[in-house]
Amino acid sequence: MYQVYPRSFADSNDDGFGDLPGLIDKLDYLNDGTERSLGIDAIWLSPIHPSPGFDVGYDVADYDAIDPIFGTLDDFGRLVAEAHRRGIRLMLDLVMNHTSSEHGWFEQSRRDPNGAYGDWYLWRDGRRGRFGRRIPPNNWSSFFGGSAWTWDEVRGQYYLHTFLPEQPDVNWRNPAVREAMLTMVRGWLERGVDGFRLDVFNAFFKDADLRSNPRRYRGRRPYDRQVHLYDKDQPELVDFLAEFRALVDSFPGSMTVGELFSSDPIGAVRLSAPRHLVFDWWLIKTPWKAPSFVRASQMREAMFRESGWPTVVLGNHDQSRLASRLAPRADATTSDEVARAAAVLSLSLRGTPFLYYGEEIGARDVAVTWEEIIDPPARRGGRLVRRLVPWWNRDQARSPMPWGRGGPNGGFTAGRPWLRMAPDVDTRNVAVQDDDSGSVLNAYRRLLWLRRRHPAMQVGTYRHVPTRTPDVYVYERATDDETIIVAVNFAAKERSFGIRTSRRWRTLFDTHAPDGAASREISAGGELTLQPRQAVILLGA
Ligand code: GLC
């Protein structure tokens, strides 16, 4: 799965925003059926619907249309057809916990409490506090800071928003809302979409009585200082998922992935089902240390067991770029070594890998000055209250893709990019990495095509292989027909270790020998030496 953040991917009309025709032009880059292309199977497209942009698209004003900055419904039809022609599946991002406050449903709901949309959002009168002051109906806080309730002068009531005030939560207990959402979902399936990513799906249902959450005394942000008993993870979700998934499953070959919002990772197992995955965030939170990755994988294997199917996620539009996170302050060479080793993990651990655009060229976070911040919670935090609402500015991981076909802005646009480009676009871009057999891009390409040819990399069982050095992580993936061993040296020093085995092994992939991957042979009881941050995949004879 390849996540496209549409504003930043490819700009066809030089207005500074990526768009659908731009994406269509890059489909061959993603997969043209040959090993010259990246070789992904499916695209997850972050929201493309009309939106005032308070949460950069995650505030939808019309689920049935395409935001004009991205193109038209015809462009979308072309995207589906062109993707399918190349065997690429297309997955949309469904933001159904909330709409934009500019959605027609909300406009009508706030104007007419007794009208058809009156009960489509969570409206309440509020309470009376000290000195008769009006206070919100309960203590829930917004994930983006402040109370989760905002007073609406038009309706004369409070409404709930788990995120920004411009993102009112819909009332999932209202059958009319449910029906409208499912009709919309069916519409996109009929347009040929192959699946969906469900934004914060475990937050859809809230406690029927909207009880206040118990307090916690630890936590950095006010949101963390509550036990979120009542504002998410309600049992009613299971029922809705069954209905939603039955609809998706009636279009064969479809799948979904749910975004588990701020919850116990076991929820990822409980809420997943065949063809319906759920993100868990273990790996994205794991520091670049072999024992940490060993532990994270062990936890995931214990949770999902052999019958469950996890996702493998090292980056997305909400998190620091993987190279910056795993190799902070590293020079470009070290950063790329870590990125290549991470690529090996990402494409050979058990589960469906999700690759965030730009990770394939080893992109790093791009510092954005205070004046240029777009990410709403980062702006909202403000310079002075930063300490109260500490929020990592997500713009840093969303900078436009440098294609390097010449011209300004790394070939992304001849106009002014909507967000600052990385400072190294002239040296780190697709064209430059295309020509370099040792680049991060070529590592991803080789790994993705190898993964196609070797079922053990995809569906093999997982077994941790202990070694005497704590700096390397070694594991085996096996099917009835083949066994591979993956070994990653996390250290900045050379490491040697033995593999206890009666087989002979040959190298399938080596981050440090891109051209002569099959060069190494290891026989029974042999020692393997890995250079700093080297990762290899071995195939058992
Ligand atoms: C999800 C999205 C994030 C967005 C939030 C609110 O977590 O990934 O980008 O801000 O939902 O919609």
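The following legends describe close-up views of a predicted model.

**View 1. The nonpolar cores of the protein.** The largest nonpolar core contains 129 residues. Within this core, the members that touch the most others are Tyr2, Leu30, Phe76 and Met96. In soluble globular proteins, nonpolar side chains tend to be buried together.

**View 2. The site of the ligand.** The ligand takes up the space of the largest pocket. It is surrounded by 14 residues, and the closest of these are Asp55, Asp199, Glu259, His317 and Asp318. By class, the shell consists of seven charged, four nonpolar and three polar residues.

**View 3. Polar contacts between side chains and the ligand.** In the side chain of Asp55, an N or O atom lies 2.5 Å from an oxygen atom of the ligand. For Asp318, a polar side-chain atom is likewise 2.5 Å from a ligand oxygen atom. His98 places a polar side-chain atom 3.0 Å from an oxygen atom of the ligand. On its own, the ligand has 310 Å² of accessible area, of which the protein covers 96%.

Methods
Residues numbered from 1 in each chain as written. Predicted model: local features only at pLDDT ≥ 70, side-chain atom pairs only at ≥ 80, totals over all residues. Heavy atoms only, no water. Core = buried A, V, L, I, M, F, W, Y, C linked by side-chain atoms within 4.5 Å. Buried < 20%, exposed > 50% of the residue type's maximum accessible area, 1.4 Å probe, protein only. Near = heavy atom within 4 Å. Polar contact = N/O pair within 3.5 Å; in protein donor to acceptor, adjacent residues only side chain to side chain. Areas by Shrake-Rupley, 256 points an atom, 1.4 Å probe, with all protein chains shown as cover. 1 Å grid on protein atoms, 1.4 Å probe; cavity = no way out; pocket = protein on both sides within 12 Å on 5 of 7 lines; lining within 4 Å. Sits in = over half its atoms within 2 Å of the grid points. Nonpolar A, V, L, I, M, F, W, Y, C, P; charged D, E, K, R; others polar.
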